[in-house]
Amino acid sequence: MRFISRFLIIFVISLLMVSVTHAQQQPISFGESVVGEITAVQPTVTYSFEGREGDVIYFYISPASLDQSFYGRLFDANSNIVAETTGFPFVHNVVLPATQTYTLLIGNNDNQTGSFQVLVDFYQPTPIVLDTALSGNLASSAQLDFYTIDAIQGQLFRYSTTGAQLGVSIFDPLGELYAFEGTYDSPLMMLAQFAQ
């Protein structure tokens with residue numbers, strides 16, 4: 001009798017956990033910015049999308065409040081981690097290994113609650129050259145634009161922005177973060193040097 005009652009309790013708890021996880025999952029389309037929320041009752045949120053083998057994507061989680069931080073983990077159809085955020089709320093240049101359904105799980109390591117916007121999109125950087133002025137619009141706080149530039153090691157360069165609340169990140173050729181200038185009010189002007 002004790003064995004059956006323990007089995008029933010474990011079985012009921014397992015069903016409850018599966019139903020909670022399944023209830024949170026919602027589809028997301030490439031290029032679609034979606035608003036989500038982490039609560040005490042729902043400490044993680046999951047989104048799913050269909051990806052093709054060889055697609056190169058990025059995902060970005062933009063918290064509604066600057067004092068919040070959310071992590072993201074991208075899983076394949078077999079629950080293997082494909083990519084995850086580290087110190088910053090986005091991952092770029094992710095090559096999808098197979099044509100299948102992918103799941104993006106969003107949570108908070110510090111048990112904070114709050115809302116966010118999430119975007120999954122194709123990673124298509126625009127090549128530019130030094131002394132180039134660019135203009136454009138970001139459709140939501142979760143949207144990112146990527147640019148590549150060929151440069152010489154040790155070369156100094158200056159960059160500036162004129163939009164409100166823009167952040168600038170610079171990555172080395174291996175995709176490692178080289179510099180992050182945060183989110184500032186307009187205008188932003190920084191001086192940096194290419195290390196590689």
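This is a predicted model: local features need pLDDT of at least 70, side-chain atom pairs count only at pLDDT 80 or more; totals for chains, interfaces and linings use all residues.
Buried means under 20% relative accessible area, exposed means over 50%, and partly exposed is in between (1.4 Å probe, protein chains only).

Residues are numbered from 1 along each chain as its sequence is written, and side-chain values use heavy atoms, with hydrogens and water left out.

Now for the charged pairs. Side chains of opposite charge can pair when their charged atoms come close. Here a salt bridge is a side-chain nitrogen of Lys or Arg within 4 Å of a carboxyl oxygen of Asp or Glu. Searching the whole structure turns up two salt bridges:

| Salt bridge | Closest N and O atoms |
|---|---|
| D55 with R52 | 3.2 Å |
| E84 with R73 | 3.1 Å |

E84 sits in strand β6 (residues 81–84) and R73 in strand β5 (residues 71–75), so this pair ties together parts that are 11 residues apart in sequence. Strands (E, at least two residues) are DSSP runs, numbered from the N terminus. E84 is partly exposed, at 37% relative accessibility.

In the other pair, D55 is buried, at 9% relative accessible area, while R52 is exposed, at 52%.

Back to R73: what does it touch, not counting residues up to four places away in sequence? Its contacts (heavy atoms within 4.5 Å) include I81, A83, T103 and N109.

Definitions and conventions: Helices (H or I, at least four residues) and strands (E, at least two) are DSSP runs, numbered from the N terminus.
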